[in-house]
Amino acid sequence: MPGMKLEVTTAMKARTLTRHFRESLKSLGRNGWMTFASVSAVTVTLLLVGVFVLIMMNLNKVADDLENDVEIKSFVSLEADEARVTEMETAIKSMSGVESVNYSTKEEELSDLVLDFGKEFSLFEQNNPLLDVFYVKATEPQQTENVAKEISQLEGIEKVKYGEGKIEKLFTFLNTGRNVGLVLILALLFTAMFLISNTIRITIVARRHEIEIMKLVGATNWFVRIPFILEGMWLGLLGSILPIGLIIALYYNVTEFAQPKLSGEMIQLLDFAPFIYQVSALILLMGVFIGIWGSFMSIRKFLRV
Amino acid sequence: MIQMKNVYKKYPNGIVALNGMNVEIKQGEFVYIVGPSGAGKSTFIKMMYREESPTSGQMLVNGVDLAKIKRKNVPLLRRQIGVVFQDFKLLPRLNVYENVAFALEVIEEKPEAIRKRVLEVLDLVGLKHKARMFPRELSGGEQQRISVARSIVNTPKVVIADEPTGNLDPETSWDIMNLFERINASGTTILMATHNREIVNTMRHRVIAIEGGLIARDEVGGDYGYEG
């Protein structure tokens, strides 16, 4: 008796792949309402996820900016003369953990103040109550406190300020925000995956008969599975279109109209250009992933014929 | 080409369907499988295309032991076997042509070859002129002929039929039987489970009677042997 050739070849012919694509698209149309339901579920989820990602990435950015912005404002006492100021500057520069030192005279300080808060302050030009200031930046935000202490011990320094306490609180707040956001995003993705796999399962149950026949005439599992997986992919793709559009529109408006107002508050959001496209790509990938994974999970048990 | 050695099958619910069965079927034979319901006939048939696998024993088809075959290689086994069911199992959304072509698409045959071969078998079963119709527009007998066409479209060595005339009236049953005769005449092994005593007694072939999970009788040219 001649032995059968019983080895599955995994290579798939191009026309078979074309067939799978055609089948998956046909199936989308045939399952009209189920398609609509899945796509809606993905849309809502991805929209929420997208908004969360926008918020989180910007929170991150603001937090980073703030961290890097922490400067030690070291006020020079009135007694210190010019020679002492130069001495102090070299002393500060030689401290470990100091990145940069900027000296600003009290006249410069005042003009900054006028610039920020209005002409009323120019009254003080007659009798400037301000002090000369060293703006010192630490190489690492964490070193700020130590550097500040060291500077305050220098002779000729009236006092130092670096937003003690408040900064730490802000950081904890931002960190909590980040973690909560991450958990929410994961929960949303999980929900969408569950919804998709449920929807696809319903369409599969309706076509169980078909799958059985396919298996009985000798279709491999992948032959049966691929059209369903592609269908899931389409659901994910379709579901990501609206969220991407909305998020681009939303962020365009934020950067265009809200950013100028926020600049006054020293907040600089992420630029529109590369960022929003990265987020869009992320949403698209997530849509495709949950679609594929959802179908993959739901078809498994129907293949055991 | 089909050989069972001490095949034993116990279902998870404890029922023993086959109790150490030994049988050999040669290439080109026409075999009726008869016996009362629940005697193990269906299990016997299902084992041929590996819908069930033996709990123990050897089950050789074309020299391959189905008890040991890997799950992923089952499709390849099925491509060498044609199966016809009592309820036809046609795809309702596909027309006649597509239903038959399906078995070839699955094995990634070339489109031109598919077309040629499908028309050939449709002609053989006499339904070429209904190629564009859908299963629901056909009579039971016609649907079964389509199903037979599908079972032989990839030129299997063996066709397994599970009560193919069970849902048909006597006249159309004879049409189907004539079809099987012709397929058998071209060298294809036919294995057919049936309750139709008239057919078994008229078109004489080897009869294997299964009772209580064992072969009760095995005679070439035998009769149905059960009352009613």
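I began with the contact between the two chains, to which chain B gives 23 residues and chain A gives 18 residues. I note that the model is predicted. The largest share, 4 residues, comes from α2(B). I sorted this side of chain B by class and recorded 13 nonpolar, 4 polar and 6 charged residues.

I then turned to the sheet of chain B. I recorded an open sheet of 6 strands in the order β6-β7-β8-β3-β9-β10, with mixed pairing. Its edges are β6 (81–84) and β10 (214–219); each has a single partner strand, so one side of each lacks a neighbour in the sheet.

I noted B:M192 in β8(B) as the bridge partner of B:Y32. Helix α6 (residues 170–185) of chain B packs on the sheet, where it touches β3, β7 and β8, and its direction makes about 150 degrees with that of β8(B).

Lastly, I checked a helix pair in chain A. The axes of α2 (residues 32–69) and α8 (residues 221–263) of chain A come within 7 Å and cross at roughly 35 degrees. I recorded the crossing of α2(A) and α8(A) as right-handed. By class, their contact has 13 nonpolar, 7 polar and no charged residues.

Terms used:
Residues numbered from 1 in each chain as written. Chains lettered and ligands numbered in written order. Predicted model: local features only at pLDDT ≥ 70, side-chain atom pairs only at ≥ 80, totals over all residues. Axes fitted to C-alpha atoms, helices over the stretch in contact; angles between N-to-C directions. Helix = DSSP H or I, 4+ residues; strand = E, 2+ residues; numbered from the N terminus. Left-handed = near helix turned anticlockwise from the far one by under 90°. Nonpolar A, V, L, I, M, F, W, Y, C, P; charged D, E, K, R; others polar. Contact = placed C-beta atoms within 7 Å. Pairing = 2+ DSSP bridges.
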